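Student: I would like to learn how to read the features of a protein model. Please take me through one.

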Amino acid sequence: MKAIGRWTGGALLLLLAAFVLYECWIFAHVLWWTRNDPDMTRFMSTQLSVLRESDPNARLKHQWVPYAKISRHLKQAVVAAEDDRFLEHEGFDWEGIQRAIEKNQKRGAAVAGGSTISQQLAKNLFLPPSRSYVRKAQEAIVTLMIETTWSKRRILEVYLNVVEWGRGVFGAEAAARHYFGQPAASLGPAQAARLAVMLPNPRRYERQFGPRLAAHAERIQARMHRSQVP
């Protein structure tokens, strides 16, 4: 029994050490990306692998642009659509989470989420698309790392440059050129609102942008001027 206990204790120590090393690895990347731009996120890599199953030569549409070269309209539209308390919270919008829970309970299904831009960025940078409590806990840890070490401006800059906007389309610059044939810097309010409402399911909305989504884009456009951005 003592041998079993020692083996169990040793295994737990190894697991703890592996966990700490993994978190240190993530934190090192978070610190590096404070001033250096990520070339590829975990989610981008996953989607590229999917594309290459049917086309071995597939490439992502992605071009990094600095914060100043992204239309303010797009910044405001994305904050209005995805995280309207972005500048107020420290990574987690507890009021938004409560509203999402109440809405889901009312509908009897998961129709709303409470993830902030910071949480979405943490997930896109490091985590697989699967859903589990373990992954959600890891998302929370990475979110805290990002919020502790990055400015809100940097968080929004990286998010807008790596978020998915269609099949193989990532970042504001690629999205602006893909949908409107122009750079992200020149997007107007209506174009920005249209892109913002696509974010929850961009591959679907790329194919089907119907009347309900268009009406949602109009609502976002009507109130996005009130959104505070860094």
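## Reading the model

Tutor: The side chains of Ser118 and Glu147 are joined by a polar contact of 2.6 Å. A polar contact is a pair of N or O atoms within 3.5 Å; within protein, one must be able to donate a hydrogen and the other to accept it, and residues adjacent in sequence count only if both atoms are side-chain atoms. This is a predicted model, in which local features need pLDDT of at least 70 and side-chain atom pairs count only at pLDDT 80 or more, while totals for chains, interfaces and linings use all residues. Residues are numbered from 1 along each chain as its sequence is written, and side-chain values use heavy atoms, with hydrogens and water left out.

Student: Is Ser118 buried or exposed?

Tutor: Buried means under 20% relative accessible area, exposed over 50%, and partly exposed in between (1.4 Å probe, protein chains only). Ser118 is buried, at a relative accessible area of 0%. The residue belongs to helix H5 (residues 117–126); helices (H or I, at least four residues) and strands (E, at least two) are DSSP runs, numbered from the N terminus.

Student: Which residues does Ser118 touch?

Tutor: Contact means heavy atoms within 4.5 Å. Not counting residues up to four places away in sequence, Ser118 touches Phe86, His89, Gly91, Thr143, Glu147, Lys152 and Ile155.

Student: What joins Glu147 and Lys152?

Tutor: Side chains of opposite charge can pair when their charged atoms come close. The term salt bridge is used for a side-chain nitrogen of Lys or Arg within 4 Å of a carboxyl oxygen of Asp or Glu. Glu147 and Lys152 form one through their side chains, at 2.9 Å from N to O. Both Glu147 and Lys152 are buried.

Student: How many salt bridges are there by this rule?

Tutor: The count is nine. One of them pairs the side chains of Arg203 and Glu164 at 2.8 Å, N to O. Arg203 lies in helix H10 (residues 202–207) and Glu164 in strand E2, so this pair ties together parts that are 39 residues apart in sequence. Arg203 is partly exposed at 31% relative accessibility, whereas Glu164 is buried at 7%. Another salt bridge, of 3.3 Å from N to O, links the side chains of Glu88 and Arg85; Glu88 is exposed, with 56% relative accessibility. Asp37, Arg154 and Glu157 are linked in a salt-bridge network.

Student: Where does Thr143 lie?

Tutor: Thr143 is in helix H6 (residues 133–149) and is buried at 0% relative accessibility. Its side chain reaches the backbone oxygen of Glu139 at 2.7 Å. An α-helix has 3.6 residues a turn, so residues three or four places apart point the same way. Beyond four places in sequence, the residues that Thr143 touches are Gly91, Phe92, Ser118, Gln119 and Ala122.

Student: What is Ile141 in contact with?

Tutor: Leaving aside neighbours within four places in sequence, Ile141 is in contact with Phe19 and Glu23. Ile141 is also found in helix H6, and is partly exposed with a relative accessible area of 30%.

Student: In what order do the strands of the sheet run?

Tutor: Strands of a sheet pair through backbone hydrogen bonds, either parallel or antiparallel. Two strands count as paired if DSSP finds at least two bridges between them. Here the order is E1-E3-E2, in an open sheet of three strands with mixed pairing. E1 and E2 stand at the edges, each with a single partner strand, so one side of each has no neighbour in the sheet. The pairing of E2 and E3 is antiparallel, over two bridges, and Gly166 stands opposite Val169 in E3.

Student: Which residues of helix H8 are buried?

Tutor: In H8 (residues 172–180) they are Ala172, Glu173, Ala174, Ala175 and Ala176. Their cover includes strands E1 (61–62), E2 (164–166) and E3 (169–170), together with helices H3 (72–82), H7 (152–162) and H9 (189–198). Just after H8, Gly181 has a positive phi of about 65 degrees.

Student: How many helices and strands does the protein have, and how much of it is buried?

Tutor: The protein has eleven helices and three strands. Of its 230 residues, 43% are buried.
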